[in-house]
Amino acid sequence: MSMEKVVFGFFVLLAATLNFGFFLGDLSDPAKHNVYELFAAVVVSLIATVLKFGDRTQIGAVHLATSLVADLQLIAASVSWAYATQISSAGLDEKATASVVSLSGGALLANLVSVVLLVIETVSFHRR
């Protein structure tokens with residue numbers, strides 16, 4: 001068993017599950033979405049991205065692309081949350097929450113593609 005593959009798979013799956021945990025719930029209810037879970041999703045997604053830099057295969061390039069998309073969406077969601085809570089006079093209202101959750105939904109889709117690629121790569125692996 002390759003420890004590198006275990007760590008890689010762990011972070012890919014953890015990024016997807018943390019993102020899913022934040023996304024789940026009423027789209028416009030701020031009480032259903034925890035800022036710390038969003039922060040954890042961003043951090044783990046960035047770690048997963050760093051782990052994907054070494055792979056020079058075609059599937060590795062797609063893994064990296066999905067991770068970069070997820071990072072961009074999660075960072076945009078974090079910036080939107082920070083703007084709504086720290087700068088905007090309206091605060092974290094239904095509209096701002098819907099925007100943040102929608103952005104995290106885009107990241108969730110990218111993370112799901114990454115998980116599917118990981119499963120396909122694992123199933124198609126042949127021992128030599």
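The largest pocket of this predicted model has a volume of about 730 Å³. Its lining comprises 19 residues, and those nearest the centre of the pocket are Lys5, Phe8, Leu118, Glu121 and Thr122. By residue class, the lining of the largest pocket divides into 7 nonpolar, 6 polar and 6 charged residues. Three helices each supply at least two residues of this lining: H1 (3-23), H3 (58-86) and H4 (94-123). The largest share, 5 residues, comes from H1.

Helix H4 also contains Ile120. With a relative accessibility of 47%, Ile120 counts as partly exposed, because that class covers values between the 20% limit for buried residues and the 50% limit for exposed ones. Ile120 and Ile59 are separated by 61 residues in sequence, while their C-alpha atoms are 9.8 Å apart in space.

Attention now turns to the aromatic rings. The structure holds 2 aromatic pairs. In one of them, Phe10 and Phe11 have ring centres 5.1 Å apart and ring planes at 85°, so the pair is edge-to-face; the cut-off for that class is an angle over 60 degrees. Phe10 itself is partly exposed, its relative accessible area being 47%.

The rings of Phe22 and Trp81 also form a pair, with centres 6.1 Å apart and planes at 55°, so this arrangement is tilted. The pair links distant parts of the chain, since Phe22 lies in helix H1 and Trp81 in helix H3, 59 residues apart. Both Phe22 and Trp81 are buried, a class that requires a relative accessible area under 20%.

Methods. Residues are numbered from 1 along each chain as its sequence is written. This is a predicted model: local features need pLDDT of at least 70, side-chain atom pairs count only at pLDDT 80 or more; totals for chains, interfaces and linings use all residues. Side-chain values use heavy atoms; hydrogens and water are left out. On a 1 Å grid over the protein atoms alone, a cavity is a set of points where a 1.4 Å probe fits but cannot get out, and a pocket is an open set with protein on both sides within 12 Å along at least five of seven lines; lining residues have an atom within 4 Å of a point. Grid points are joined across faces, edges and corners, and a volume is the space filled by probe spheres set on the points. Helices (H or I, at least four residues) and strands (E, at least two) are DSSP runs, numbered from the N terminus. Ala, Val, Leu, Ile, Met, Phe, Trp, Tyr, Cys and Pro count as nonpolar, Asp, Glu, Lys and Arg as charged, and the others, Gly among them, as polar. Buried means under 20% relative accessible area, exposed over 50%, partly exposed in between (1.4 Å probe, protein chains only). Rings of Phe, Tyr and Trp (its six-membered ring) pair if their centres lie within 6.5 Å; planes under 30 degrees apart count as stacked, over 60 as edge-to-face and the rest as tilted.
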